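Colleague: I am new to this structure and would like a close look at a single part of it. Please take the strands that pair side by side, and go on from there to what surrounds them.

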Amino acid sequence: MKNLSYYLLAVVGVGLIYALSVGCSSTDGPGKSPRPNPNPNPPQTLVVPAPEQIIMYEANPRLFGTSRCLNGIKSNLNRIQSLGTNVLWLMPICEFGVVKSIGSPYCIKNYTNVDPAYGTLDDLRMLVDAAHERGIIVILDWVANHTSWDNVWIENKDWYTQDSAGNIVAPAGTNWSDVADLNFDNRDMRRAMIDAMKYWIAEADIDGYRCDAADWVPADFWAEAIAELRESFPDKEILMLAEGAEISNFEAGFDMNYAWNYYDALESVFGGQPATRIYETHVREYAAIPEDGVKLRFTTNHDKSAYNGTPIEIYGGREGSLAALAITTFMGGAPMLYSSQECAQSSALDFMAYTNYSWVTDTDYTAEVKRLMSIRKDNQLFSYGTTEDYSNQDVVMFTRHDSTSEAMVVINV
C-alpha cells in the first residue's frame, strides 16, 4: 500500500484482524458522489443518506415492550444511534389481522391504522420526530403482496386472487394460510394501495419503505407507486428498499435490494466452503444490477435469526459472528443490523412474541459492533471505494481504496 500516513490495527477474538489505513480521506470515490438532497431547506440535523452511506437498523417493535412498543423504540433511540444508525427500518406497524392469524406482523388488517399494541399515530409521529432530531430517517415495512382475511378490503372480492371456484386464496406455493393474496390486475386495489402508502408519508413524515416480498408483486406496480410517491412529495427524498433480488427492482425505481446470494455465500463459508466464494458472489451480485444500485448486506434479519439461527450460532460464536459482520460491513453494499444481534443474542427469538428485551447483555460485544460501524461511517472508501480481493481457502482478504486512501481487511473465517 502507498501514500498512507499510518495504520490502525486491532485484534478481536481469535484470528480476526482489521488493518485500517487512515490518511487524507476524500468524501467521494472515483465516479461516485452522494446524491443531492432535493429539499433546499432540510432540517439541520437530518440529511438523507445516499444508499451507499446507509447503516440500517431493523427494529422489531415486539422486542421493545409488551405494549406501546413504538414508545419503547423511541426510548432506545440514543442507543440505536450509537451503533452508527442513519436509517431505522420499522417492521410492520399497521393493524394486524385476527382471523386465521398466527400472530405474524406481516398479516395486515388495516393499511392506515397503527396496531393498538404498538401505540397510536401520535406515538409514531413522536418516534419519527425524535429519530429525525438525531439525524436518523425512518422507513416502514410495507406488505403489498397479501392481507389478513379480516382486512377491510376483503369485501372487494375482485381485489384478491381467486381459484376456479371463485374462492379467495393464499399466495400460491406457500403455507401462508393466515393471509389472502392480492390481485394486482385490479386497478381499484392498486389505487387504494398507493393511497395508503402516501398516507404514512403525509401523516407521519416517514421517509420511505422496505417493501416485503417485492419480487412477488408486479414490477409495473412498483414503478407506478414509486413514481407517484416521489411526485406527490417533491420536497422529500424518499428511500425505497426492495426485499427482492431482481434487476427489475431498480428499473422500477428502488434504491436498494437484498443481497440474498451474498448472505448464502457467507453462511456457506463459515460452514466450511472456500472463503473465495464471498468475493465471487459480491462481484456477481453487483454485475447484475445498475451501476448506481446498492445491495443491502446483513449477517442476519428477523427471518434468518428465527429460522436459520442467530449469528452466534451460524458463524461459530462471538468471534465468528464479528468476523462475518466485518466482511459484510467493509466489502461493499450497505450494512444492516437486526435488533438484538448487537447484544450477541445467542439463541433465536420468536419475532412474533412481545417481550421487554434487555439491551445490556454483552457490553464488550456491543462496543465492538459500534467500532466496526464507526470505521465504516468515518471512511468514505467503504461506501464509494473499489474492492480488490486476495482471499484464499481460509482467509477473506481484500483492500478498499479510493484516490487518496486505502484500507486492508484480513479475516480468518
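Modeller: This is a predicted model. Strand E12, residues 256-258, pairs with strand E13, residues 294-297, through 3 bridges in the parallel sense. Both strands belong to a barrel that 8 strands close, in the order E3-E4-E7-E10-E11-E12-E13-E14, with parallel pairing. On average, neighbouring strands of this sheet are turned by 25 degrees against each other, direction ignored. Helix H3, residues 121-133, packs on the sheet and touches E4 and E7. The direction of H3 makes about 140 degrees with that of E7.

Strand E4 can be followed in detail. With strand E3, residues 56-59, E4 runs parallel and is joined by 4 bridges; Met-56 stands opposite Val-87 in E4. E4 also pairs with strand E7, residues 137-142, again in the parallel sense and over 4 bridges. Here Leu-90 stands opposite Leu-140 in E7. In a regular strand the side chains alternate between the two faces of the sheet. In E4, residues 87-90, Val-87 and Trp-89 point one way, while Leu-88 and Leu-90 point the other way. All four of these residues are buried.

Neighbours within four places in sequence left aside, Leu-90 is in contact with Ala-59, Ile-73, Leu-124, Leu-127, Val-138, Ile-139, Leu-140 and Asp-141. The largest nonpolar core has 125 residues, and Leu-90 is one of those that touch the most other members, along with Trp-142, Met-193, Trp-200, Tyr-209 and Trp-222. Helix H4, residues 187-204, gives the largest share of this core, 9 residues.

The aromatic rings come next. The whole structure holds 20 aromatic pairs. One of them is edge-to-face, between Trp-142 and Tyr-209, at 5.3 Å centre to centre and 70 degrees between the planes. Trp-142 lies in strand E7 and Tyr-209 in strand E10, residues 208-211, so far as the chain goes 67 residues apart. Both Trp-142 and Tyr-209 are buried. The pair of Trp-176 and Trp-216 is stacked, because the ring centres are 4.9 Å apart and the planes lie at 10 degrees. Trp-176 counts as partly exposed at 30% relative accessibility, and Trp-216 is partly exposed at 44%. Ring pairs also link Tyr-111, Trp-142, Trp-153, Trp-159 and Tyr-209 into a cluster.

Terms used. Residues numbered from 1 in each chain as written. Predicted model: local features only at pLDDT ≥ 70, side-chain atom pairs only at ≥ 80, totals over all residues. Heavy atoms only, no water. Core = buried A, V, L, I, M, F, W, Y, C linked by side-chain atoms within 4.5 Å. Buried < 20%, exposed > 50% of the residue type's maximum accessible area, 1.4 Å probe, protein only. Helix = DSSP H or I, 4+ residues; strand = E, 2+ residues; numbered from the N terminus. Contact = heavy atoms within 4.5 Å. Pairing = 2+ DSSP bridges. Axes fitted to C-alpha atoms, helices over the stretch in contact; angles between N-to-C directions. Phe/Tyr/Trp six-rings, centres within 6.5 Å; stacked < 30°, edge-to-face > 60°.
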